[in-house]
Amino acid sequence: IIGAGATGSWLALQLAKLGLQNIHVYDYDVVEEHNIPNQLFGVNHVGMKKVEALYEIVKEQTNLELYIYDEKVEKAWLDGYVFLMVDSMQARKEIFESSIKLKPQVIHLVEPRMGLSEARIYNVNPSDIHQIKKYEACWYPDSEAVVSACGTSQTVITTAMLTASVCARQLINHFT
């Protein structure tokens, strides 16, 4: 899971509750007060690194331990199923190009884009040129993006939780 914000934090907990034991989470951000209404974190986590707070919550609720990385993903060795849950198109492009595209060890990419009351979820086989071209055709400049729901004062918790649930379901569907 790359990004432990509105969708990534909820997804990590859901995957752990499903019994997955090899969950790696990357994020280099800190929990802030404005994160509380939409993300898994509580007020006691304000000021903590998101990955450390997420580790604590998941461990407490499931007794599973996440592999956490307090770092930006840049040319990382990613493998398995990758959930790309960052909040800028530029970051998506950079991570996809450097660490996902045409990497045979990456089995499947799930990438959600969320607004206040809607979401779109992309499923990509990063080894399939046709799927790569379709996915890249859906990119746009950050200047054209709607302001991230993660930082708004309005709550998007129901959209974030539903989006994370659908992303978890994508993993289940891929297995079955």
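Is E136 buried, partly exposed or exposed? In this predicted model, E136 is partly exposed, at 23% relative accessibility. Buried stands for under 20% relative accessible area, exposed for over 50%, and partly exposed for values in between (1.4 Å probe, protein chains only). Residues are numbered from 1 along each chain as its sequence is written, and side-chain values use heavy atoms, without hydrogens and water. Local features need pLDDT of at least 70, side-chain atom pairs count only at pLDDT 80 or more, and totals for chains, interfaces and linings use all residues.

The side chain of E136 forms a salt bridge with that of K101 (3.0 Å, N to O). K101 sits in the loop between α3 and β4 and E136 in helix α4 (residues 129-136), so the pair ties together parts 35 residues apart in sequence. K101 is partly exposed, at 22%. A salt bridge is a side-chain nitrogen of Lys or Arg within 4 Å of a carboxyl oxygen of Asp or Glu. The structure holds seven of them.

A network of salt bridges links R92, E111 and R113. E111 meets R92 at 2.5 Å (N to O). E111 belongs to strand β4 and R92 to helix α3, so this pair ties together parts 19 residues apart in sequence. R113 meets E111 at 2.9 Å (N to O). E111 is buried, at 0%. R92 is buried at 7%, and R113 at 10%.

Helices (H or I, at least four residues) and strands (E, at least two) are DSSP runs, numbered from the N terminus. Strands β3 (residues 80-83) and β4 (residues 106-114) run parallel, joined by four bridges; pairing requires at least two bridges found by DSSP. V82 stands opposite L109 in β4.
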